[in-house]
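Visitor: Could you take one part of this structure and describe it closely, stating the cut-offs behind each term, before placing it in its wider setting?

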Protein chains: 2
Amino acid sequence: MKENDFVKAKIITIGDELLLGQVVNTNASWLGEQLNANGFQLVSVLTIGDGEKDIMDALCSCNDVDIVIITGGLGPTADDITKPILCKFFNTELTLNDDALENINEIFRLRGSQMTERNRLQAFIPKSCSYIPNRFGTAPCMWFEKNDTVYISLPGVPFEMKSIFTTELIERLKNHFKPTPYARRVIMTTGVGESFLADKIQQWEEALPDFMSLAYLPQYGMVRLRLDARHEDEKFMQESLDSEVEKLKDLISEHIFAYDDRPISEVILNILKDRKQTLSTAESCTGGSIAKMITSIPGCSSVYKGSFVSYATEVKENLLNVKVEHSVVSKEVAEQMAVGVRSIMKTDYALATTGIAGPDGGTEENPIGTVWIALATPNCVIAKRYNFGKDRQNNIERSCITAFEMLRQYLLNN
Amino acid sequence: MKENDFVKAKIITIGDELLLGQVVNTNASWLGEQLNANGFQLVSVLTIGDGEKDIMDALCSCNDVDIVIITGGLGPTADDITKPILCKFFNTELTLNDDALENINEIFRLRGSQMTERNRLQAFIPKSCSYIPNRFGTAPCMWFEKNDTVYISLPGVPFEMKSIFTTELIERLKNHFKPTPYARRVIMTTGVGESFLADKIQQWEEALPDFMSLAYLPQYGMVRLRLDARHEDEKFMQESLDSEVEKLKDLISEHIFAYDDRPISEVILNILKDRKQTLSTAESCTGGSIAKMITSIPGCSSVYKGSFVSYATEVKENLLNVKVEHSVVSKEVAEQMAVGVRSIMKTDYALATTGIAGPDGGTEENPIGTVWIALATPNCVIAKRYNFGKDRQNNIERSCITAFEMLRQYLLNN
């Protein structure tokens, strides 16, 4: 892939809380995705604390890129210090901005509460910047230019940052820089490990054209394949990508559950929506995670009727008509849970999980990590035993993915 | 706080997938937390792509710190390039390491599958490093020393990275550097915004001793307060922190739900466990998220019986005995859901949610973001209406926190 003529960006995220590990830096990955999808190349993310010297050093180290995006350090409390440093760096001073003040006033009016003096101070911004409104909070967004580099300072609250970036910034950046066309395909696979996948597609990968590159992104029982391309001729690039994806499909079609970056829960929802069929779930060891994965997708209610999170054994017995004869972690219980919830919720399909998520509770027969997953359909009930190891989170996540994959495989063939 | 004599660390995370926004950098925040809790100071996190020049530049820019932790770029597929660059930087060469090969063999033996040539290549590591075993995967962990700085290269897979760091690295680092004592208190608050909180505790904050510092960490309906201290006299430091927390308690006790960094769901679980009482939930708009928050905590099963995720109206009606006369988003429905699930699951308390999470589905009476939350207790049922705005995720998260807080307030007084 040509790299020289990219419009390059750096992100500086400011906040002791990021270094102390109390907040995960989701802003950086979100911004990376947005920049990339619009033809910009993010070359680095630097996270630093709320210290003047570190912030100043970071600002000074950015003259090799075209865009610098700074998030954080703009809230109303005393630990915010970004604005004075921006003034120093751009050799300007803080001044009351009428638009910013009006915006803060408006936000407090909508909330029906009183503006404090702390919030009024948020309307003071460096004189030399363009003020970009933040309709979603009291912190300002600021656009600076210096030696052909654009510097943008944004609040760190993810919801505000994302809203401003989407509604105000991305078009301004495109108009300013006119980046070279860029495109990407993401192919989602499950049921096969990274090394085996790599062996299966090695020849295809080696024959990819120069302007493309491939990356493997393994995660909880899935491997995402990302195919990137960048070319002046956008039509040619898009066609080339489609053609490569077709070749890949011939090699590993049974493992592919999506041709874009979407969760398997959404794939299942869409298949069922097309078939006008419905789903319910009964979750023991996954404890609501399957339900959450489905219900986080807008518009799921025509397909998904609901879940029994039957954590207690008596709930399984009384509500799902499960007879526990031997162990609650067993083929029989998983199957009865799936059949029970399918019948009670009157759905076409039902998924059920029962297992030992850990870190305690294992037995000789059922060591920690043992999970039974069952699928009830209009014609049959099937169950399979897995062991996903001792890590509770890993266990729960992989159980969810595997349950969805069990249903997907069934739907492919029936 | 004194800053000069900290043992300082930098993290370099390598991976195009981080810059393209396909993976969130959870490794960095986890490592930050671990370093901090053991008396090291993380001064920056730099995320860069899989490019030789960027990785080399990053390594060369680290001689101002004591510890450099490099994660990522060590997997078995072709897009991994870290090891050759490490060789160049440390002026050494790749050599087959017998311990590494034995470790990879052992992992494939446990998995019962065949080692590929790609995996065998993972046993080649730079000659000048100390090999540190990774019992959880095939990628190596490597420890280098150069001009008083320790460089550690770790695999990027979070589970492997965390396991190696915890079991092998933290003690080695402490023995090597003997860092100054450091301590932290985290105070979790809910039901009050950042600005108002800051006003309430301003005088206390201004009177804090020099070796302490305070930060505000707002997130989805909560504000975490973090009080950091660092002092040679560890006993004095701990006592001073306790005394400051006591003063804070006098100022804002009603808003504090925990004195350490734990979720409100865990606080509720512990209160109920002490009282030997039980909880169930009926979730519509939160769709399993409340259940997930509870069941992600090990040992929840003595308190938490389960949840009805009643997404469909007919499920509410048939299974929870709810009569929907007017609208499913109403006081009556929320109350009946709570009463219904409490009775069916035979628990002491029950929480229920019904609302319009967005982005669609609002009406004039119930605009998007409207949520009714109800609590059923042995003595009464209460319900309250909220509006958390148009963002689906924000809406769901805040509904969950608010439901837990409703129960917590009740338990405080009853």
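**A loop residue and its setting**

Guide: A:Ile368 lies in the loop of chain A that runs between strand E15 (349–355) and strand E16 (370–376), where strands (E, at least two residues) and helices (H or I, at least four) are DSSP runs numbered from the N terminus. This is a predicted model, in which local features need pLDDT of at least 70 and side-chain atom pairs count only at pLDDT 80 or more, while totals for chains, interfaces and linings use all residues. Residues are numbered from 1 along each chain as its sequence is written, and chains are lettered from A, and ligands numbered from 1, in the order in which they are written.

Although it sits in a loop, A:Ile368 counts as buried because it has 20 C-beta neighbours inside 10 Å; a residue is buried with 20 or more other C-beta atoms within 10 Å of its own, exposed with 12 or fewer and partly exposed in between, the C-beta atoms being placed from the backbone. Leaving aside residues up to four places away in sequence, A:Ile368 touches A:Ile356, A:Gly358, A:Pro359, A:Gly361, A:Gly362 and A:Lys390, a contact being two C-beta atoms, placed from the backbone, within 7 Å. By contrast, A:Leu169, 199 residues away along the chain, has its C-alpha atom 49 Å from that of A:Ile368.

Chain A is divided into domain 1 (7–177), domain 2 (182–258) and domain 3 (264–413), with bounds from an automatic or database domain assignment. The centres of domain 1 and domain 3 of chain A, taken over C-alpha atoms, are 44 Å apart. Chain A has 14 helices and 17 strands, its C-alpha atoms fill a box of roughly 75 × 60 × 40 Å along the principal axes, and 48% of its 414 residues are buried. Of the contacts in chain A with a separation of 6 or more, 65% join residues 24 or more positions apart. As for confidence, pLDDT (the predictor's confidence in each residue, from 0 to 100) averages 89 in chain A, with 97% of the residues scoring at least 70, and the complex is given an ipTM of 0.75 and a pTM of 0.77.

Chain B can be laid on chain A with an RMSD of 0.0 Å by a turn of 180 degrees and a shift of 0.0 Å along the axis, the superposition being by least squares on the C-alpha atoms of residues with pLDDT of at least 70 in both copies. The two copies are thus related as by a two-fold rotation axis. Both copies use the same surface, since 99% of the contact residues of chain B recur in chain A.

The buried residues of H10(B) are B:Ile264, B:Ser265, B:Glu266, B:Val267, B:Ile268, B:Leu269 and B:Leu272. They pack against several elements of chain B, including strand E12 (256–258), strand E13 (279–283), helix H11 (289–295) and helix H14 (392–413). Just after H10(B), B:Lys276 takes a positive phi of about 55 degrees.
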